[in-house]
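Here is a short report on one protein model. Look over the sequence and the fold, then read on.

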Amino acid sequence: TSSTDLSSVNYQQSSSTSGVTAGSDVPLGASLTEPLIVDLPANNGGVDMSENVILGRSLGGAVTTYTATKSSSSQKPKAMILQSTFSRMQDLAAYYFPMFHWAWAAFYSTYDNFDNVANIKNYVSNKCLYHAHSKEDEWVPFSQAEEVQDAAKSVINSGCSQWVVVDNAIHTQPLTDKERETLGSYLRSSN
């Protein structure tokens, strides 16, 4: 029988990169959980990502797409799971602070790795993506999830990918029954 390793991507809400080696190319404020903490772009911490499914929720989605993009071409994760994530950090800032959108550009270079649209377009084609987002998400607009999905259409394997629109769920809510069912099916089919 074959198995799939699921790697979770975590982040911290400060500029500390605790757990990330000095000099590693990880976005500010991002911390990757074991075993992906050692020199990610160079060698994925020694982990063959081609046998892994990586998961990111909300801000962790940006770290997930960044991880997939920066993995060596022969070791791209075989699949990604994105839940409740945004298009670009800049878009999310503009949504919450429309009067200060101009100011965000001055700081954008610090967070330019948090660009799911660009990252997913650089993901190797013919890989699988599970992407779920609620229309009622009060933190990340559904329109941003649609933009990520539109970008993904040109690179993912449509035969093994799923776009799940969730109803009646808020951003911080645990998985809905629909997500549990479709995610379970997705993980079984990614083996």
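Leaving aside neighbours within four places in sequence, which residues is Gln 83 in contact with? They are Leu 55, Gly 56, Arg 57, Ser 58, Ala 132, Leu 175, Glu 179 and Leu 183. Contact means heavy atoms within 4.5 Å.

## Basis of the model

This is a predicted model: local features need pLDDT of at least 70, side-chain atom pairs count only at pLDDT 80 or more, and totals for chains, interfaces and linings use all residues. Residues are numbered from 1 along each chain as its sequence is written, and side-chain values use heavy atoms, with hydrogens and water left out.

## Overall fold

The protein has seven helices and six strands. Helices (H or I, at least four residues) and strands (E, at least two) are DSSP runs, numbered from the N terminus. In that direction the order is β-β-α-β-α-β-α-α-α-β-α-β-α.

The protein has 191 residues, and 50% of them count as buried. Buried means under 20% relative accessible area, exposed over 50%, and partly exposed in between (1.4 Å probe, protein chains only). Of the contacts with a separation of 6 or more, 70% are between residues 24 or more positions apart. The protein exposes about 9,200 Å², with carbon and sulfur atoms supplying 52% of it. These areas come from the Shrake-Rupley method with a 1.4 Å probe; for residues, only the protein chains shown count as cover.

## Two nonpolar cores

A nonpolar core is a set of buried Ala, Val, Leu, Ile, Met, Phe, Trp, Tyr and Cys residues joined through side-chain atoms within 4.5 Å. The largest one has 14 residues. Met 80, Ile 120 and Leu 129 have the most contacts inside it. Strand 4 (79-83), helix 5 (116-121) and helix 6 (142-153) each supply at least two residues of this core. Helix 6 gives the most, with three residues.

A second, separate core has 13 residues, including Ala 79, Tyr 130, Cys 160 and Ala 169. What does Met 80 touch, not counting residues up to four places away in sequence? Its partners include Ile 54, Ala 68, Ile 120, Leu 129, Tyr 130 and Tyr 186.

Gln 83 lies in strand 4. It counts as buried, at 4% relative accessibility. Ser 84 sits in the loop between strand 4 and helix 3. Ser 84 is buried too, with a relative accessible area of 6%. Its phi is positive, about 55°, although it is not a glycine.

Asn 168 also has a positive phi of about 55° and is not a glycine. Its place is the loop between strand 6 (162-166) and helix 7 (177-189). Is Asn 168 buried or exposed? Asn 168 counts as exposed, at 64% relative accessibility.

Helix 3 covers residues 89-96, and its buried residues are Met 89, Gln 90, Leu 92 and Ala 93. Seen down the helix axis, they fall within an arc of 160°, so they line one face of helix 3. The arc is that of the directions from the helix axis to the C-beta atoms.

Tyr 96 is in helix 3. It is partly exposed, with a relative accessible area of 38%.
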